[in-house]
Amino acid sequence: MKSYEYIIIFGGVLLILAQMPSFHSLRHINLVSLVLCLSYSACATAGSIYTGHTHKQEEKEYLVLGNTEDQAFGIFNAIAIIATTYGNGIIPEIQATLAPPVKGKMFKGLCICYSVLSVTFFSVAVSGYWAFGNQAQGQILSNFIVNGKALLPKWFIFMTNAFVIIQLVAVGLVFLQPTNEVLERTLADPRSGRFSVRNVIPRVISRSLSIVVSTTIAAILPFFGDINAFIGAFGFLPLDFVLPVIFFNLTFKPSKWSLIFWVNATIAVVFSMLCVIATLAALRQIVLDAKTYKLFAGV
């Protein structure tokens with residue numbers, strides 16, 4: 001099945017589940033998402049190890065591809081993608097601030113979040129790069145099929161892809177919810193019940209339209225790694241590294257002669273520069289990939 005077909009299926013399922021009214025109603029879906037994330041990461045790791053042992057490619061290399069310019073921009077692209085990956089912790093952090101006790105819930109949520117991220121992403125990255133070298137693709141599952149031939153049992157590949165699609169639905173629900181809340185403050189009537197006709201109809205229409213539009217764009221332009229890099233550079237880097245230290249200095253007003261003030265100021269300046277460079281690197285990569293992609297490309 002082609003990538004855009006997976007995206008359309010994902011969008012259809014998300015369209016149905018997106019009608020859940022609040023963050024609190026997603027708590028069980030978050031748990032399912034955690035289990036699925038661990039499951040498909042374990043499958044990807046096991047598949048890479050199996051493939052690396054049973055299908056030893058002679059041409060496998062670990063050299064970094066590209067000229068000096070490509071490698072330099074690639075470094076900033078990678079930093080931005082890592083920021084997107086580990087910046088996901090901002091969601092439980094924001095959610096934890098909605099009700100007391102803030103510090104305890106936030107700390108527990110972030111500990112679980114970064115523990116899962118470290119285990120899953122490092123295991124997949126290390127095993128995938130070991131198995132396929134510099135031919136490892138942004139979606140490591142794509143390496144399990146070469147010239148139409150599956151290197152693993154087809155049922156295993158199908159199961160792993162199913163885990164990914166279902167987990168992405170859960171992630172999509174969580175990330176859409178803040179946007180839904182903002183839209184519904186404008187469209188909803190607080191004097192009517194949550195499940196009244198007056199509030200249900202605008203909710204269904206607004207959420208459905210947002211998912212249809214985003215799914216269509218994702219299917220047309222499947223720049224998965226590039227979009228991750230752009231979001232990380234433009235969104236997560238300033239959100240995680242620039243704004244917190246600025247707000248700390250503005251809120252607690254440490255002395256301008258103190259170490260903490262200048263450490264925070266240095267972090268803000270360095271990561272602001274990194275945001276600009278990484279954003280340009282991500283846009284450059286999107287332009288380069290646009291020369292080889294086609295609409296609804298089956299990548």
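How far apart are the end C-alpha atoms of α9, and what span should its residues give at 1.5 Å a residue? The end C-alpha atoms of α9 are 46 Å apart. The 32 residues should span 46 Å at 1.5 Å a residue, so the two values agree. Here the expected span is 1.5 Å times one less than the number of residues in the helix.

This is a predicted model, in which local features need pLDDT of at least 70, side-chain atom pairs count only at pLDDT 80 or more, and totals for chains, interfaces and linings use all residues. Residues are numbered from 1 along each chain as its sequence is written, and side-chain values use heavy atoms, with hydrogens and water left out.

**Overall build**

- The protein has nine helices and two strands. Helices (H or I, at least four residues) and strands (E, at least two) are DSSP runs, numbered from the N terminus.
- From the N terminus on, the order is α-α-α-α-α-β-β-α-α-α-α.
- The protein has 299 residues, and buried ones make up 35% of them. Buried means under 20% relative accessible area, exposed means over 50%, and partly exposed lies in between (1.4 Å probe, protein chains only).

- Helix α7 covers residues 197-220. Its 24 residues should span 34 Å at 1.5 Å a residue, and its end C-alpha atoms are 34 Å apart, which agrees.
- Several residues of α7 are buried, including Asn-199, Pro-202, Arg-203 and Ile-211.
- Helix α9 covers residues 259-290. Among its buried residues are Phe-261, Leu-274, Cys-275, Arg-284 and Asp-289.

**How helices pack**

- The axes of α6 and α7 come within 10 Å and cross at roughly 135°. That makes α6 oblique to α7. Axes are lines fitted to C-alpha atoms, for helices over the stretch in contact, and angles run from 0 to 180 degrees between N-to-C directions.
- Angles under 35 degrees count as roughly parallel, over 145 as roughly antiparallel, 65 to 115 as roughly perpendicular, and the rest as oblique.
- The axes of α8 and α9 are 8 Å apart, and the two helices pack at an angle of about 170°. They are therefore roughly antiparallel to each other.
- α6 and α7 make a right-handed crossing, whereas α8 passes α9 in a left-handed one. A crossing is left-handed if the near helix is turned anticlockwise from the far one by less than a right angle, and right-handed if clockwise.

**Salt bridges**

- How many salt bridges does the structure hold? It holds two. A salt bridge is a side-chain nitrogen of Lys or Arg within 4 Å of a carboxyl oxygen of Asp or Glu.
- Arg-284 lies in α9 and Glu-69 in α3 (residues 68-87), so the pair ties together parts that are 215 residues apart in sequence.
- Arg-284 also forms a salt bridge with Asp-70, with the closest N and O atoms 2.6 Å apart. Asp-70 lies in α3 and Arg-284 in α9, so this pair ties together parts that are 214 residues apart in sequence.
- These salt bridges share partners and join Glu-69, Asp-70 and Arg-284 into one network.
- Glu-69 is partly exposed at 45% relative accessibility. Asp-70 is partly exposed too, at 32%.

**Nonpolar cores**

- The largest nonpolar core has 15 residues. Such a core is a set of buried Ala, Val, Leu, Ile, Met, Phe, Trp, Tyr and Cys residues joined through side-chain atoms within 4.5 Å.
- Ala-44, Phe-132, Ile-140, Leu-141, Phe-144 and Leu-152 have the most contacts inside the largest core.
- Helices α2 (27-54), α5 (102-132) and α6 (154-187) each supply at least two residues of this core.

- Gly-138 sits in the loop between α5 and β1 (145-146). Gly-138 is exposed, with a relative accessible area of 76%.
- Gly-138 and Gly-225 are 87 residues apart along the chain, yet their C-alpha atoms are separated by 6.2 Å.
- Lys-253 lies in the loop between α8 (224-252) and α9. Lys-253 is exposed, at 64% relative accessible area.
- Most residues other than glycine have a negative phi. Phi of Lys-253 is positive, near 50°.
- Phe-121 lies in α5. Phe-121 is partly exposed, at 39% relative accessibility.
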